[in-house]
Amino acid sequence: MTAPTDNLRINGERLWDSLMDMAKIGPGLRGGNNRQTLTDADAEGRSLFKTWCEAAGMSVGVDKMGTMFATRPGTDPTALPVYMGSHLDTQPTGGKYDGVLGVLAALEAVRTMNDLGIRTKHPIVVTNWANEEGARFAPAMLASGVFAGELTLDYAYGRKDPEGKTYGEELRRIGWLGDEEVGARKMHAYFEYHIEQGPILEAEEKQIGVVTHCQGLWWLEVTLTGKEAHTGSTPMNMRVNAGLAMSRIIEMVQAVAMEHQPGAVGGVGQVFFTPNSRNVLPGKVVFTIDIRSPDLDKLNGMRAQIEEQAPVIAAALGVGCAIEAVGHFDPVTFDPKLVTSVRTAAERLGYSHMDIISGAGHDACWTAKVAPTTMIMCPCVDGLSHNEDETITPEWAAAGADVLLHAVLETAEIAD
């Protein structure tokens, strides 16, 4: 196997220009992006990506979940492809780089191969996974979960957004329902490049995160049923306050996570009040508890404790409580050979690096179930992500893309 030379680099300026061009689609309110999955903005971003891929000589396929696969042929038609990618969908108040960096850096790697006339034995596929964020349709990593056989297509199509629209309906509406069977593609390997979404790399002054593991998670959707009542004229001792029950459960989640330190986190990021009026106590509250840990016993222990205590807290206030698990994956150990390839590439290129565990979930967590998988991470300023102020530098973006290029070429085998 021929290793790339240490002077092989992507075009950092072209990569940055692509990031900025994609960021024009689905602009946020203050510099970020709102390009939620299966919206018109998502469709527009997909179209631009497809145009770029075809201009780079790739053919683009789409599966029945709406995931896009852009293929660069290899010299051996029998060799399984090496995949790389991430996602183009964003949070409602998302940044310009979360997910997008991994997709467009993969495209830039292919453009660089084209520029230099590099051919590989294995085909190379650039992937845009659908609905990674789960902001509109829970759970996150929905399409890759179906791809890995962990979720069914019918389940995915039936997922509803807060307005009651289903995933299947919206996929058809925006015109990105593909005909490929989900999961029919086979992978030789999968690489995902992503911003860290945490503060460690910047604090340690490292350019590259060599991702060895990913935390497992549970998303628990809690529905509390109280009684709508006037906030001014209902005596305190006669209230059935679903909002109060929620606040006490959130405090309990905080305590449970702290009891399981180190290496455990928990919190609540999404809440829906009904009727959500200033002077009406909520009759119904729906919120999602997010708990994570790289330790499976801790993760499942936290879930059990929360599911035991939440109904007790609610019952003390006369409030009904139902809990549904709407997202889950176990902690992931990435492929040691691919991890070594990433680490070696960083060393070959002279980039500072460190091993790191991903605190966030990624499509790589599901692909690891069906193929050798690993990740590369890029620092982000103050560790800020899922926020319009999310920031990276062009130099950071290019460094990780260089490592991606080298690791992928080594795995796909440069043809003589």
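Visitor: Why does asparagine 131 count as buried?

Guide: Please keep in mind that this is a predicted model. A residue is called buried when its relative accessible area is under 20%, and asparagine 131 has a relative accessibility of 0%, so it counts as buried. Asparagine 131 is located in the loop between S4 and H4, and its phi is positive, at about 50 degrees, although it is not a glycine.

Visitor: Which residues are joined by the cis peptide bond with omega of about 5 degrees?

Guide: That cis bond joins alanine 138 and proline 139, and proline 139 lies in the loop between strand S4 (124-128) and helix H4 (142-147). Another cis peptide bond leads from glutamine 261 to proline 262, with omega near 0 degrees, and proline 262 belongs to the loop between H8 and S9. As a general rule, most peptide bonds are trans.

Visitor: What makes strand S5 count as mostly covered?

Guide: Seven of the seven residues of strand S5 (residues 189-195) are buried. Ala189, Phe191, Tyr193 and Ile195 point one way from S5, while Tyr190, Glu192 and His194 point the other way, and all of them are buried.

Visitor: How do you know that S3 and S5 are paired?

Guide: Two strands pair if there are at least two bridges between them, and three bridges join strand S3 (residues 82-86) to S5, the two strands running parallel. Within this pair, valine 82 stands opposite alanine 189. S5 is also joined to strand S15 (residues 373-378), by six bridges and again in parallel, and there tyrosine 190 has threonine 373 of S15 as its bridge partner.

Visitor: Why are S9 and S12 called edge strands?

Guide: The order S9-S11-S7-S12 describes an open sheet of four strands with antiparallel pairing. Strand S9 (265-274) and strand S12 (320-329) each pair on one side only, and they are the edge strands. From one strand to the next, the twist averages 15 degrees.

Visitor: How many bridges join S7 to S11?

Guide: There are 10 bridges between strand S7 (residues 216-225) and strand S11 (residues 284-293), which run antiparallel, and tryptophan 218 stands opposite isoleucine 291 in S11. Helix H9 (residues 296-315) packs on the sheet, where it touches S7, S9, S11 and S12, and its direction makes about 155 degrees with that of S11. Helix H8 (residues 242-259) lies across S7, S9 and S11 and runs at about 170 degrees to S9.

Visitor: How do you know that the radius of gyration of the chain agrees with that of a compact globule?

Guide: A compact globule of 416 residues would have a radius of gyration near 22 Å, and the chain has 22 Å, so the value agrees. The C-alpha atoms fill a box of roughly 80 × 45 × 40 Å along the principal axes. Of the 416 residues, 55% count as buried, and the chain has 12 helices and 15 strands. Among contacts between residues at least 6 apart in sequence, 80% join residues at least 24 apart.

Definitions and conventions: Residues numbered from 1 in each chain as written. Predicted model: local features only at pLDDT ≥ 70, side-chain atom pairs only at ≥ 80, totals over all residues. Heavy atoms only, no water. Axes fitted to C-alpha atoms, helices over the stretch in contact; angles between N-to-C directions. Contact = heavy atoms within 4.5 Å. Buried < 20%, exposed > 50% of the residue type's maximum accessible area, 1.4 Å probe, protein only. Rg over C-alpha atoms; globule rule 2.2 N^0.38 Å.
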